[in-house]
Amino acid sequence: MTDFQTSFHQFIGLCTEDYLVRHANKGLYNRACKDIEKGTEVHYDLQADKVICTLSDGTECQLQGDLAHFSCSCPSDKLCKHVLIALLFYKERHAPDTAVRQLDFSWLLEVPLQSIAAQYKAQQIEEVLFRLAYQEKLDISESTLLTIRLNWQQVDVAFTDEARLDKALCSSKEGEADLYVLEALLRYRALHREDNYDLLLPPESGSDPASATLRDCRRIAEEIVQAGLVKLTQSTQAQLEVLALAARTARLPELEKEVRGIRGELELFHQRHVRFSMSALQDRLTRLFMMSAALEGELPAVQRQRLTGAFRSRYFRVPRLQLYGLGAHPWATRSGYKGITYYFYCLDDGRMYSFSQSRPVYYEQSSFNYNQFYTQPGAWGSALPMKELTAGQASLLRIKVNREQRLSASEEAVIEPLERMAIEQFDFGELQLTRAQHQSGAVFSGLFQRKNNMPLLVLLHKIAEVSFDKVSQNLLLAAEDAGRQPLTLTIPYEPQWASVFKTLERSSELLALRDFYALVRMENEWIYPISLLKGCSLTNIMLDL
């Protein structure tokens with residue numbers, strides 16, 4: 001037997017149903033089997049480097065030692081049923097009992113990450129690394145192929161024993177096959193070894209045009225702290241504006257946000273505005289100094305990317321999110337936008353996610369009807385209104401999310417409503433307002449953690465009194481937390497919500513409520529309530545009352 005015949009027989013041994021179906025499809029495979037059952041026969045001419053196969057209907061195929069090299073006289077330019085018939089008939093009638101070569105898939109664990117990165121674009125790697133932070137249910141099977149099924153995404157990726165990613169087979173037909181192949185590979189490796197994903201990221205350039213900007217950020221933070229607020233002049237505001245522009249030019253968006261935030265707080269101070277917060281200013285100055293110092297030093301690529309930030313946040317598709325509605329907050333901005341932001345707790349990773357509906361209202365005859373958006377279907381192709389979604393629980397598959405945990409309205413997502421659990425069954429951990437946070441009036445996140453503007457949950461024993469402060473034009477809810485300590489919830493007055501204020505002031509049910517959660521938004525020293533939750537029920541204060 002020649003070398004070619006040996007390799008051809010070993011190839012025939014690989015041609016199991018799973019192997020052929022993944023290279024073609026189930027329907028084509030079944031049609032080939034039925035044609036053989038109906039009497040189709042094949043004549044073979046084994047030559048030095050190929051096999052010429054003549055079917056009984058006159059069709060002629062040429063085979064070699066793999067499915068990458070074949071030809072057929074039929075019009076199809078892809079793997080056709082005639083090639084499948086030739087393979088299956090040979091395996092059934094002519095293949096000797098040649099031992100199938102031992103398959104080895106260890107290359108999946110041994111291929112260097114740098115070699116993998118060379119086959120992908122930086123944006124593709126960024127998206128897959130983002131997906132890896134989310135859970136996925138894997139099914140792994142090994143035969144002639146090593147197949148990894150991404151269950152929640154309903155995608156199969158099959159690897160051959162040849163150490164080539166471009167030979168991997170993916171069931172996805174959406175043009176994202178390369179992403180699924182990389183995701184399946186990295187998830188498989190994560191089960192067996194620990195990888196340094198920094199090796200997948202592109203190397204940093206030798207020059208650093210941002211170094212002067214970083215030094216200026218540290219310098220101005222030190223100057224403000226040393227001089228004190230009273231001695232600051234308007235020139236400091238001008239320096240901050242120039243520094244913000246320099247940070248944008250140097251592509252340091254997170255630093256630009258902090259510099260502009262400091263400038264805004266100083267404007268409030270000079271105006272003696274009631275919303276000025278010393279703790280918020282100290283928080284921003286601390287972050288600016290620490291971020292600048294950290295970026296000047298040596299950092300892993302992932303941490304450097306996190307501190308640098310991005311000007312426009314990208315949305316990435318993740319396998320699944322199990323979401324539990326926490327509340328809905330209507331809002332309006334001074335720049336002429338109105339909207340509603342919905343908040344959800346994720347059972348998979350214990351984090352909070354948000355989804356917003358908004359419209360500009362600064363055009364003539366433009367408006368935003370809060371009740372209309374709240375009570376009509378508005379996201380993910382669901383027939384359920386947002387009012388029911390935010391008061392319920394659901395599993396979202398193939399949902400797109402950005403790094404700030406905001407959900408996209410993409411209709412590609414598949415939503416499955418679930419029976420709502422009682423809120424008392426959850427341990428919210430860091431999402432729950434602590435006494436120390438209440439007393440300090442601020443929540444400072446770690447340097448390498450993303451800033452989180454999400455609201456928090458607070459466990460209340462009761463609301464003892466509701467009163468309207470005519471001086472500040474705020475409705476004050478005097479509450480007691482779970483430790484029987486006083487806590488004041490504040491709702492700023494807006495004419496459009498006048499009826500809500502009257503309802504709250506007269507509500508005996510509110511005063512009778514005991515041991516419940518409130519979703520609240522922290523802003524400086526103020527605590528603004530969004531919703532009240534107890535058992536399986538949820539009441540959005542501004543939208544349901």
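Buried means under 20% relative accessible area, exposed over 50%, partly exposed in between (1.4 Å probe, protein chains only).

**Ground rules.** I note that this is a predicted model: local features need pLDDT of at least 70, side-chain atom pairs count only at pLDDT 80 or more, and totals for chains, interfaces and linings use all residues. Residues are numbered from 1 along each chain as its sequence is written, and side-chain values use heavy atoms, with hydrogens and water left out.

**Val401.** I listed its contacts (heavy atoms within 4.5 Å). Leaving aside neighbours within four places in sequence, Val401 touches Phe130, Tyr134, Arg314, Tyr315, Phe316, Val318, Leu321, Tyr353, Arg406 and Leu407.

**Helix α1.** I checked the length of α1 (residues 3-14). Helices (H or I, at least four residues) and strands (E, at least two) are DSSP runs, numbered from the N terminus. The expected span is 1.5 Å times one less than the number of residues. Which residues of α1 are buried? They are Phe4, Phe8, His9, Phe11, Ile12 and Leu14. These pack against α2 (17-23), β2 (51-55), β3 (60-63) and α4 (81-93).

**Second largest pocket.** I read off a volume of about 700 Å³. Of its 30 lining residues, Tyr19, His23, Leu67, Lys167 and Leu169 are the closest to the centre. A pocket is an open set of points on a 1 Å grid over the protein atoms alone, where a 1.4 Å probe fits, with protein on both sides within 12 Å along at least five of seven lines; lining residues have an atom within 4 Å of a point. α1, α2, β7 (155-159) and β8 (169-170) each supply at least two lining residues.

**Positive phi.** Most residues other than glycine have a negative phi. I found Gln154 at about 55°. Gln154 sits in the loop between β6 (146-150) and β7 and is exposed, at 58% relative accessible area. Arg398 has a phi near 60°. Arg398 belongs to strand β12 (residues 393-401) and is buried, at 13%.

How values were computed. Points joined across faces, edges and corners; volume = space filled by probe spheres on them.
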